[in-house]
Amino acid sequence: GSAWIVSRTARAPSNIAVIKYWGKRDEDLILPLNSSISVTLDPNDLSATTTVSTSPDFDADRLWLNDKEVSLSSHRYVSCLKELRDRATDVKDEKTGIVITKEDWKHLKLHIVSKNNFPTAAGLASSAAGFACLVFTVAELMGIKESFPGELSTIARRGSGSACRSLHGGFVKWEMGKRADGKDSIAVPLAEHHEWDDLRIVICVVSSRQKEVSSTSGMQESVQTSPLLHYRAKEVVPKRITEMEEALSKRDFSSFAKLTCADSNQFHATCLDTSPPIFYMNDTSRRIIGLVERWNKSEGSPQAAYTFDAGPNAVIFVPQKSGGALLHRLLYEFPPPEGMNLSSYVVGSTELLEA
Ligand code: PMV
């Protein structure tokens with residue numbers, strides 16, 4: 001036969017929420033109980049790289065994640081791939097001259113190879129980078145153009161809610177939307193990160209082990225059992241979203257820092273309010289909170305802001321001028337062994353600090 005293969009490769013960064021998404025109002029469509037705001041990281045730091053190939057020789061859709069084959073049978077993969085195939089167009093591959101029609105895509109199978117450059121499922125939003133990258137790369141391969149702004153984000157959202165925010169750089173808002181079909185539950189860019197270019201992000205990898213409670217089941221349990229979650233989604237987050245947008249547009253670090261820390265703490269309080277309680281942070285996480293809080297208090301105004309997603313790792317925001325002072329404090333609190341390469345610094349046996 002005339003065997004051929006057509007591929008596309010793309011990279012998508014991870015994102016870190018500063019106003020958290022926690023809880024769905026629709027499990028199938030992944031519609032959130034509240035809007036959220038995140039910052040997309042630099043792809044050189046934390047990202048997923050995905051290659052998607054198609055060939056008439058492939059007899060099934062298959063996925064390899066960090067060199068291990070993973071089943072595509074879960075609902076999230078099935079819905080993303082279906083939404084993408086429904087939008088596939090006629091494409092001509094420049095390199096090979098191969099023409100693939102809209103009709104062909106219904107039958108052609110995909111081989112997807114994806115790699116993260118950071119620990120998977122340790123609360124560093126690996127699913128966000130992974131699904132954003134999968135959706136973007138398949139859309140490129142199938143020649144999909146958005147029919148309304150944010151359409152691709154509605155597909156990435158079906159893979160992992162937070163993934164919709166990784167399709168834009170800088171600060172991004174995921175609008176919860178009002179519709180039952182989810183068409184208005186999209187990610188919108190707020191401000192480019194380079195517009196706030198003296199803001200630095202330090203990630204303290206406290207543990208690279210897999211988290212114990214997945215965000216999916218954690219959220220379900222919180223929705224079912226935590227009164228605080230429902231109060232937060234209705235009474236607290238809408239106001240914080242407005243305040244955060246204002247802080248971002250003014251580059252007001254002090255308000256940004258207060259909102260970011262308060263929202264991380266309320267998210268983890270919600271986890272504790274869940275039955276049975278969920279603990280994502282550990283003692284090292286809490287030592288990092290203490291360090292930042294003491295520093296902020298002693299200076300009389302926020303010098304740095306911390307946030308933790310569904311895991312123990314800390315993400316610290318700091319204006320560039322205070323970056324050196326922050327690293328100094330972190331290294332004083334967690335002294336590295338002599339001669340240690342600080343980019344992969346391990347504290348004790350399971351703890352790791354990266355800057
Ligand atoms: O998108 P998921 O299902 O991985 O959930 C993400 C949840 C948090 O990271 C804790 C918060 C967020 O908004 O990213």
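**Exercise 1.** Determine whether strand 2 (residues 15–19) is enclosed or open, and identify its pairing.

*Solution.* Step 1: five of the five residues of strand 2 are buried, so the strand is largely enclosed by the rest of the structure. Here, buried means under 20% relative accessible area, exposed means over 50%, and partly exposed lies in between (1.4 Å probe, protein chains only). Strands (E, at least two residues) and helices (H or I, at least four) are DSSP runs, numbered from the N terminus.

Step 2: strand 2 runs antiparallel to strand 5 (residues 36–40), and four bridges join the two; two strands pair if DSSP finds at least two bridges between them. Step 3: isoleucine 16 has valine 39 of strand 5 as its bridge partner.

The model is predicted: local features need pLDDT of at least 70, side-chain atom pairs count only at pLDDT 80 or more, and totals for chains, interfaces and linings use all residues. Residues are numbered from 1 along each chain as its sequence is written, and side-chain values use heavy atoms, with hydrogens and water left out.

**Exercise 2.** Compare the span of helix 7 (residues 253–272) with its expected value, and describe the start of the helix.

*Solution.* Step 1: the expected span is 1.5 Å times one less than the number of residues. Step 2: helix 7 has 20 residues and reaches 28 Å from its first C-alpha to its last, close to the expected 28 Å. Step 3: at its start, a side-chain oxygen of aspartate 252 comes to within 3.2 Å of the backbone nitrogen of serine 254. Such a polar contact is a pair of N or O atoms within 3.5 Å; within protein, one must be able to donate a hydrogen and the other to accept it, and residues adjacent in sequence count only if both atoms are side-chain atoms.

Step 4: arginine 251 lies in the loop between helix 6 (227–250) and helix 7. Its phi is near 55 degrees, a positive value in a residue other than glycine, and at 28% relative accessibility arginine 251 is partly exposed.

**Exercise 3.** State which polar atoms lie by the oxygen atoms of the ligand, and how much of the ligand the protein covers.

*Solution.* Step 1: a polar side-chain atom of serine 162 lies 2.6 Å from a ligand oxygen. Step 2: for a polar backbone atom of glycine 161, the distance to an oxygen atom of the ligand is 3.4 Å. Step 3: the protein covers 93% of the 380 Å² of accessible area that the ligand has on its own (Shrake-Rupley method, 1.4 Å probe).
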